Amino acid sequence: MNATLILPVLKQDQIWKDQTKFEDIFDVDHFINYLKEDVHIVRDIPDWFTEKDDLFTSIKRTVKNVPKYASAQFYIDNVLPRIKEKKIMSIKPFVDRLGYDNVPMEINRLRCRVNYHALKFLPDIEEMADKLATRMRNRTGSLNPYMALHLRFEKGMVGLSFCDFAGTREEKAMMATYRQQQWPRRYKNGSHLWPLALQKRKEGRCPLEPGEIGIILRAMGYTKETQIYVASGQVYGGNNRMAPLRNMFPNMVSKEDLASKEEMEPFKKHVTSLAALDFLVCLKSDVFVMTHGGNFAKLIIGYRRYMGRHRLKSIKPDKGLMSKFFGDPYMPWATFVEDVVITHQTRTGLPEPTFPHYDLWENPLTPCMCRA
């Protein structure tokens with residue numbers, strides 16, 4: 001569209017309620033300078049624009065009707081005329097609002113330049129992440145490899161999944177109340193959720209519990225001596241929920257275990273800064289393991305592929321198959337181990353062929369890594 005970009009405004013998540021601004025975590029100067037030949041970027045809304053307060057709330061100033069995976073032509077035909085008319089417009093939401101297969105190849109290459117080169121965390125975040133990764137490698141007194149585990153089992157994630165998990169009647173009642181408060185339209189009266197939860201688990205759409213991922217890792221051959229960095233929010237169920245995983249892998253630590261309170265204090269102002277530290281330490285790991293989908297894990301796997309780190313494992317468990325295994329009380333351990341190993345031989349982070357509406361961030365193979 002040959003339009004000027006004002007620094008993006010980050011969406012404020014209803015669960016985390018984080019007030020982070022773009023400039024709180026990213027190096028703005030680097031972002032603008034790196035992309036200066038591609039896109040004209042300004043830091044703020046121009047002074048001549050007098051309707052700043054209405055920019056993201058006024059219907060006249062917001063483009064909301066962009067369909068998922070819209071083509072480049074859609075923007076030329078529908079969005080550009082409105083920008084020309086109003087001079088400044090906001091586009092929201094923007095998740096998946098631009099296709100991958102129906103845009104010029106150069107646009108997808110630009111996406112990769114933005115994602116893997118232009119977006120750079122602030123120096124203090126980069127430096128702290130380097131310290132954490134170094135401390136992980138030196139925990140035993142000598143250089144050692146480490147695994148990074150992205151454990152998605154926070155209360156918000158458990159609630160939003162609408163899956164059923166082991167727990168007391170009191171826990172289940174409290175979770176039902178929480179879901180009804182947060183997502184009343186989806187919850188309704190709750191009667192339809194049990195069969196839906198069973199179906200979602202069979203299809204592999206439920207987060208793995210800490211104990212479940214521990215069993216999978218042991219079946220893959222990882223021993224109790226494995227050094228594990230855990231990237232996670234507050235785990236739902238606390239220490240009791242974490243106990244099985246911690247018993248199997250006692251050498252498991254988080255950023256709070258590796259750094260002092262004084263070192264972590266500057267990063268506690270924004271939840272996103274803490275997530276950025278986890279992101280970088282996971283990125284540098286020898287083995288990365290995800291337990292559920294989401295942008296965080298997809299970006300790490302894609303980044304490792306793009307930077308040639310696909311030679312280092314990025315494990316994406318087959319949750320659908322695992323749910324069948326966990327549901328079979330008569331399966332011998334040796335059979336379970338064999339099935340886990342065979343199932344995950346092709347799920348270690350190697351680049352994959354693309355398909356319609358594939359996720360470029362998780363698999364940047366064709367547009368980012370191939371010349372032809």
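What we have here is a predicted model.

The partners are C163 and C206, with 2.0 Å from S to S. That link is left-handed, at -90° about the S-S bond. Where do the two cysteines sit? C163 is in the loop between α6 (155-161) and α7 (169-182). C206 is in the loop between α9 (193-202) and α10 (210-219). They are 43 residues apart, and the pair links distant parts of the chain.

Are C163 and C206 buried or exposed? Both are buried. Look at C282 as well. Its relative accessibility is 0%, so C282 counts as buried.

Now the whole chain. It has 18 helices and nine strands. Buried residues make up 42% of its 372 residues.

On to overall dimensions. The C-alpha atoms fill a box of roughly 70 × 55 × 50 Å along the principal axes. The radius of gyration is 22 Å, which agrees with a compact globule, because 372 residues packed that way would come out near 21 Å.

Next, contacts. Take those with a separation of 6 or more: 72% of them are between residues 24 or more positions apart.

Last, the surface and the charges. The chain exposes about 20,700 Å², and carbon and sulfur atoms supply 54% of that. There are 56 positive and 44 negative side chains. The centres of the two sets lie 4 Å apart.

Note on methods
Residues numbered from 1 in each chain as written. Predicted model: local features only at pLDDT ≥ 70, side-chain atom pairs only at ≥ 80, totals over all residues. Heavy atoms only, no water. Disulfide = S-S within 2.5 Å. Helix = DSSP H or I, 4+ residues; strand = E, 2+ residues; numbered from the N terminus. Buried < 20%, exposed > 50% of the residue type's maximum accessible area, 1.4 Å probe, protein only. Rg over C-alpha atoms; globule rule 2.2 N^0.38 Å. Contact = heavy atoms within 4.5 Å. Areas by Shrake-Rupley, 256 points an atom, 1.4 Å probe, with all protein chains shown as cover. Lys, Arg positive; Asp, Glu negative; His and termini not counted. Charge placed at Lys NZ, Arg CZ, Asp CG, Glu CD.
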